[in-house]
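Subject: Structure handover

Hello,

Here is the structure for you to open. My notes on it follow below.

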Amino acid sequence: MKRNTDLSLQRQPVTDVDRLQDASGVCADKPFHFDGSEHEILEKQLAMIRTMAQLSSSGVTVYDMQNDIHIFTSKQFYRIYGYEIGEQQINIKNEIYDSKIHPDDLEELKKNGSNAMNFIMSVPPKTRKHYKMVSEYRIRADNKKYVQVIEQQQILEQDALGNIWLSLGVIDISPDQTDVQGVKYQINNFHTGELIQLAETGETSGLTEREKEVLKMISAGKLSKEIGWSLQISVHTVNTHRQRILGKLRVDNSIEAVNIAKRNGLI
């Protein structure tokens, strides 16, 4: 999970566009593809985000994944982290912000961010903007004690190939400070309300070949009796496999198990 920015980009809007390309005018060493409208799109998005940030008490940041930089960060974002930003403070390194996050939480946030990215890239490009990653974690905002914050991240723009180009982050102090115990994390589809369950690699790789075979048949809509007949095993054995699959993937039903298996390339 990357964070932080160069504040000079807020005060010099022209560089918001110029930083998208190298000196030759070509995106350097990045597998991105644009159709020529990216400058206009970027200007429009930043104008809206700046207005939103002025009206909001939340911390707001926009990340350019093509160039690995934050092209906009509101002053409230810095204040939540315990920094007062003046006109001369135009450069704050990522490490300064990461040092504010509880060490245990930082490692888990990185892992979650990687899992979320893998999931987002596994869904059709046209639906990638439908998902939001919500994380709660601890920061040491006043250098004395940790407080819980809530951060929401979602895609703003993609390139012509569906690669994630711009992402929006919104951060707030959690209203509930009674349970400051670490990372809480979820991905949801805010178009459908679906809550996404992501399995760890170790969990999915823990399935036996027979369990994967059963899960594939479940995905095809086969009943336990049909699966037993196809595999020449009893219905009781099929149901035992079903229960073990649910336990290993830490889900409550076969639908969730099938979704996780598809996302992890098992079926």
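Predicted model: local features only at pLDDT ≥ 70, side-chain atom pairs only at ≥ 80, totals over all residues.

The chain has 267 residues, and 43% of them are buried. Among contacts with a separation of 6 or more, 63% join residues 24 or more positions apart.

**The sheet**

The 7 strands make an open sheet. Their order is S2-S1-S5-S4-S3-S6-S7, with antiparallel pairing. The edges are S2 (69-73) and S7 (195-196). Each has a single partner strand, so one side of each has no neighbour in the sheet.

Look at S5 next. How many of its residues are buried? The count is 8 of 10, so this strand is mostly covered. On one side, S5 (residues 164-173) is joined to S1 (residues 59-64) by 6 bridges, and the two run antiparallel. Val-62 has Leu-168 as its bridge partner in S5. Gly-59 is opposite Ile-171 of S5. S4 also pairs with S5, in the antiparallel sense, over 9 bridges. There, Gln-152 is opposite Val-170 of S5. S4 and S5 form a hairpin with 5 residues between the strands. In that hairpin, Gly-162 takes a positive phi near 95°.

A general point on pairing: strands of a sheet pair through backbone hydrogen bonds, either parallel or antiparallel.

**Helices across the sheet**

H3 (residues 38-55) lies across S1, S2, S4 (147-158) and S5. H3 runs at about 5° to S5. H6 (residues 103-122) lies across S3 (131-139), S4, S5, S6 and S7. The angle of H6 to S3 is about 175°.

Tyr-131 is in strand S3. Its relative accessible area is 10%, and the cut-off for buried is under 20%, so Tyr-131 counts as buried. What does Tyr-131 touch, beyond residues up to four places away in sequence? The list includes Phe-119, Ile-120, Val-123, Gln-153, Gln-154 and Ile-187. Also on it are Asn-188, Asn-189, Phe-190 and Ile-196. Phe-119 is 12 residues from Tyr-131 in sequence. The C-alpha atoms of Tyr-131 and Phe-119 are 10.0 Å apart.

Asn-188 lies in strand S6 (residues 184-189). Asn-188 has a relative accessible area of 15%, so this residue is buried too.

**Helix H8**

In H8 (residues 209-219), the buried residues are Glu-211, Val-214, Leu-215, Met-217 and Ile-218. They fall within an arc of 160° seen down the axis, so they line one face of H8. On the other side, Glu-209 and Lys-216 are exposed. Just after H8, Gly-221 takes a positive phi of about 90°.

The background is simple. An α-helix has 3.6 residues a turn, so residues three or four places apart point the same way.

Does the length of H10 agree or disagree with its residue count? H10 (residues 235-249) has 15 residues, which should span 21 Å at 1.5 Å a residue. The end C-alpha atoms are 21 Å apart, so the length agrees.

Which residues of H10 are buried? They are Val-238, His-241, Arg-242, Ile-245, Leu-246 and Leu-249. These cover an arc of only 135° around the axis, which puts them on the same side of H10. His-236, Gln-243 and Gly-247 are exposed on the other side. Just after H10, Arg-250 takes a positive phi of about 55°.

H9 (residues 224-231) meets H10 as well. Their axes come within 8 Å and cross at roughly 110°. That makes H9 roughly perpendicular to H10. From H9, the contact uses Ser-224, Lys-225, Ile-227 and Gly-228. From H10, Val-235, Val-238, Asn-239 and Arg-242 take part. Val-238 and Arg-242 are also on the buried list for H10.

Best wishes

Terms used. Residues numbered from 1 in each chain as written. Heavy atoms only, no water. Helix = DSSP H or I, 4+ residues; strand = E, 2+ residues; numbered from the N terminus. Buried < 20%, exposed > 50% of the residue type's maximum accessible area, 1.4 Å probe, protein only. Expected span 1.5 Å × (residues − 1). Arc of directions from axis to C-beta. Pairing = 2+ DSSP bridges. Contact = heavy atoms within 4.5 Å. Axes fitted to C-alpha atoms, helices over the stretch in contact; angles between N-to-C directions. Parallel < 35°, antiparallel > 145°, perpendicular 65-115°, else oblique.
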